[in-house]
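Keep the viewer open as you read.

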Amino acid sequence: MRWRILALVAGAVLILLGALFISHVGPVTALSALLKGSLGTAPGLTESLRQTTPLLIAGVAVFLALRAGLFNIGAEGQLIVGALACTLVALRLPGVVGMVLGTLAAVVAGALWAWPAGAIKAYRGGHEVITTIMLNNVAVLLTGYLVAGPVRAPGGDTTTASIASRLPNLLKSGGFSVSLALPVAILAAVALAYWLRRTVTGYELRAAGANPTAALYAGVDPRRTAVRAMLASGAIAGFAGAVQVLAYEGRFYSGFSPGYGFDALGVALLAGESALALIPAAFLFGALAKGALSLQIEGVPKGITTVVLALLILIAAALRSRGVRKVA
Amino acid sequence: MPNVLVSQTLALSTPLLFAAMGGYASERSGVVNIGLEGLMLTAACAAAVAAPHYGPYAAVAIALAVTVLLSLLHWLATQVYRIDHVISGMAVNLLAAGGTNFVASLANAASSDVPHLPVVGYEGVALGLPFVVFLYVRATRGGLRLVATGADPDKARLAGLVPERVRLAALIATGLFAGLGGTMLVAYTEGFTNDMVAGRGYIALAALVLGGWRPLPTLVACLAFGLMSALRIQYAGGTVLGVSPPSEFWAALPYLATVVALAGLLGRGRVPAGLGKS
């Protein structure tokens with residue numbers, strides 16, 4: 001079976017070399033531009049870590065749903081309704097109170113946005129991939145409408161006003177800085193790993209995801225578990241939106257998320273079975289997102305990093321599925 | 001006005017119809033296919049890039065060939081590597097999003113000198129396709145084998161079929177149909193823009209689900225989605241029944257309708273029994 005994986009890897013490498021060839025850039029030049037842009041400089045590393053944060057928290061959200069056997073492609077929509085809810089609360093209540101209540105509002109908004117997908121999956125059999133994608137589109141349109149009209153800042157262009165207080169930096173020296181949001185994100189991944197492995201409810205969730213029928217006989221209601229998993233996943237995705245507002249953006253605007261929720265699915269798929277693997281997976285995605293810009297300067301269109309991610313996801317999935325059936 | 005509405009409905013539902021029939025071939029054979037979006041995107045990009053060099057007819061042929069290749073990657077991933085169908089479908093979508101961005105920026109495919117594609121008759125073909133598919137599945141050996149494989153791959157194997165082979169043929173058809181839907185998009189707009197499919201692949205999938213994985217109800221669902229998009233063009237910014245909803249409301253209508261329809265009883269319990277099984 002090993003040769004099949006080798007063939008897949010060889011095919012992936014060939015595709016990438018071919019892509020570099022037609023853009024007239026040598027593989028060494030491309031790789032060094034990618035590495036230098038994402039890791040080699042203080043501002044580059046700062047940006048890579050900044051990109052890592054929402055990817056990691058949203059990745060935690062998607063990972064949780066995946067363990068329950070659900071594809072939450074709606075993290076994007078849940079993240080943006082959460083971000084808007086947080087901004088609106090924090091604009092009215094300044095200081096720490098506003099930040100805490102804003103985060104709470106984001107968590108509730110994200111969970112509410114995910115709920116229909118969970119309920120329809122559990123009680124109507126409608127596939128969550130379709131419902132979450134539809135809800136994403138509705139979220140983009142609804143928030144777009146709100147920031148263009150009812151909650152628009154005076155004089156602003158499809159944006160809310162900026163909030164007064166922000167999450168502080170963890171450390172800052174020269175051109176390098178890390179927001180407190182990054183350890184929060186890492187903590188979220190560690191907490192999820194602990195919860196899934198060491199608690200009864202976490203075990204029940206994995207059991208329902210691995211084999212709903214067996215879970216039912218063991219006294220776990222797989223339907224209720226699915227709805228709860230979706231609610232929790234949406235809440236965490238909403239939390240990711242809140243963190244993004246409080247730590248980095250300070251406001252909500254049209255086009256707030258460049259697709260963090262979608263990339264989070266890639267992060268979760270790459271992490272595979274282990275929640276702790278979300279941390280390096282999110283960093284890889286974050287660094288590639290930053291490095292893509294440096295590649296673009298060299299003349300390689302940034303789409304190539306998306307191709308790299310797609311190929312990585314395929315290879316990772318093929319490695320895990322060889323012969324044996326997947327057990328969550 | 002009503003005539004405009006009818007012609008716009010037809011024009012807007014045609015890409016959906018092609019893609020939905022592509023989804024039908026795949027999912028009836030037992031392969032979950034959320035990669036329709038990526039297939040359409042690939043076809044649109046390939047047609048736009050090839051048309052200035054090789055002319056419109058060859059461009060459509062090239063686009064279909066490339067789309068079939070991408071569809072076969074989904075076959076390889078799910079049937080040979082046994083990757084989860086949804087994961088493979090996501091990878092297909094990502095690959096298409098990144099690959100088309102890459103190729104289009106190198107080839108400058110957004111330029112408006114992309115010649116018109118031969119889409120005259122597309123709408124008629126699209127409307128007829130579900131009926132052809134219906135008859136094919138009901139009345140031919142190949143069609144029965146397709147449905148049998150999707151319903152229970154293990155029993156199909158006992159009956160002497162090779163599910164992997166049936167699915168190979170099915171995914172070639174998926175690539176062709178979704179490719180036709182994708183090339184239509186460039187035919188209307190002349191030129192490729194990133195993310196120009198804008199969720200039509202997922203809407204087509206929703207139409208297939210709402211149609212209960214049956215060709216004729218899926219046709220009705222596609223027409224309904226087309227009508228909702230046409231209403232948006234007609235009424236956005238205007239006043240209907242004394243209220244003037246924002247244009248975002250009209251844009252959100254098909255998505256909301258899908259969620260509500262799935263929450264209701266539509267499409268329930270008609271899932272091909274072997275969907276997603278190896």
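This is a predicted model: local features need pLDDT of at least 70, side-chain atom pairs count only at pLDDT 80 or more; totals for chains, interfaces and linings use all residues.

Now zoom in on A:Ala61. Leaving aside residues up to four places away in sequence, A:Ala61 touches A:Asn72, A:Ala75, A:Ser233, A:Ile236, A:Ala237, A:Ala240 and A:Ala264.

Helix α10(A) also packs against α5(A). Two packed helices are described by the angle between their axes and the distance between the axes. Here, the axes of α5(A) and α10(A) come within 6 Å and cross at roughly 145 degrees; the crossing is right-handed. Sorted by class, the contact of this pair has 21 nonpolar, 8 polar and 2 charged residues.

Next, turn to where the chains meet. Chain A brings 40 residues to the contact and chain B brings 37 residues. On the side of chain A that touches chain B, the elements giving two or more residues are α1 (2-22), α5 (95-124), α6 (128-148), α11 (260-271) and α13 (303-321). Of these, α6(A) gives the most, with 12 residues. By class, this side of chain A divides into 26 nonpolar, 11 polar and 3 charged residues.

Finally, stay with α6(A) for a moment. This helix is mostly covered, with 20 of its 21 residues buried. Its length can be checked too: at 1.5 Å a residue, the 21 residues of α6(A) should span 30 Å, and because its end C-alpha atoms are 30 Å apart, the two values agree.

Note on methods. Residues are numbered from 1 along each chain as its sequence is written. Chains are lettered from A and ligands numbered from 1 in the order in which they are written. Two residues are in contact if their C-beta atoms, placed from the backbone, lie within 7 Å. Helices (H or I, at least four residues) and strands (E, at least two) are DSSP runs, numbered from the N terminus. Ala, Val, Leu, Ile, Met, Phe, Trp, Tyr, Cys and Pro count as nonpolar, Asp, Glu, Lys and Arg as charged, and the others, Gly among them, as polar. The expected span of a helix is 1.5 Å times one less than its number of residues. A residue is buried if 20 or more other C-beta atoms lie within 10 Å of its own, exposed if 12 or fewer, and partly exposed in between; C-beta atoms are placed from the backbone. Axes are lines fitted to C-alpha atoms, for helices over the stretch in contact, and angles run from 0 to 180 degrees between N-to-C directions. A crossing is left-handed if the near helix is turned anticlockwise from the far one by less than a right angle, and right-handed if clockwise.
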